[in-house]
Amino acid sequence: MNIDPQLLSIIVCPACHGELVAASTDGADELVCQGCGNAYPVRDDIPVLLVDEARKPA
């Protein structure tokens, strides 16, 4: 995943405004919220920050 560190420092979870941390789950890149646990997909190095596209925590 090639997301600019400056971008990562300013974007937040659209659901709860929590911090997002880059992760790789089952070979898929994601940004995981440290607050609510939603995992947002990263497609072609572009974060998809839509609540409807997020994988919900278990």
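Guide: Helices (H or I, at least four residues) and strands (E, at least two) are DSSP runs, numbered from the N terminus. This is a predicted model, in which local features need pLDDT of at least 70 and side-chain atom pairs count only at pLDDT 80 or more, while totals for chains, interfaces and linings use all residues. Residues are numbered from 1 along each chain as its sequence is written, and side-chain values use heavy atoms, with hydrogens and water left out.

Visitor: In which strand is Glu 30 found?
Guide: Strand 2 spans 28-33. Glu 30 is found in strand 2.

Visitor: Is Glu 30 buried or exposed?
Guide: Buried means under 20% relative accessible area, exposed over 50%, and partly exposed in between (1.4 Å probe, protein chains only). Glu 30 has a relative accessible area of 8%, so Glu 30 is buried.

Visitor: With which side chain does the side chain of Glu 30 make a polar contact?
Guide: A polar contact is a pair of N or O atoms within 3.5 Å; within protein, one must be able to donate a hydrogen and the other to accept it, and residues adjacent in sequence count only if both atoms are side-chain atoms. For Glu 30 the distance is 2.9 Å, and the partner is the side chain of Thr 25.

Visitor: How many bridges join strand 1 to strand 2?
Guide: Two strands pair if DSSP finds at least two bridges between them. Thr 25 has Ala 28 in strand 2 as its bridge partner. Strand 1 and strand 2 run antiparallel, and the number of bridges joining them is six.

Visitor: Which residue in the turn of the hairpin has a positive phi?
Guide: Most residues other than glycine have a negative phi. Strand 1 and strand 2 form a hairpin with two residues between them.

Visitor: What is the phi of His 17?
Guide: His 17 sits in the loop between helix 1 (5-10) and strand 1 (20-25). His 17 counts as exposed because its relative accessibility is 60%. Its phi is positive although the residue is not glycine, with a value near 65°.

Visitor: How many residues make up the largest nonpolar core?
Guide: A nonpolar core is a set of buried Ala, Val, Leu, Ile, Met, Phe, Trp, Tyr and Cys residues joined through side-chain atoms within 4.5 Å. Members of the largest one include Ile 3, Cys 13, Leu 31, Cys 33 and Tyr 40. Strand 2 and strand 3 (39-43) each supply at least two residues of this core.

Visitor: How many disulfides are found?
Guide: A disulfide is a pair of cysteine sulfur atoms within 2.5 Å. For Cys 13, the nearest cysteine sulfur is that of Cys 36, 3.7 Å away. For Cys 33, the nearest is that of Cys 16, 3.4 Å away. The search of the whole structure gives a count of zero.

Visitor: How far apart are the C-alpha atoms of Leu 49 and Leu 31?
Guide: Leu 49 lies in the segment after strand 4 (46-47). Contact means heavy atoms within 4.5 Å, and beyond four places in sequence Leu 49 touches residues including Ile 11, Leu 20, Leu 31 and Tyr 40. Leu 49 and Leu 31 are 18 residues apart along the chain, and their C-alpha separation is 8.8 Å.
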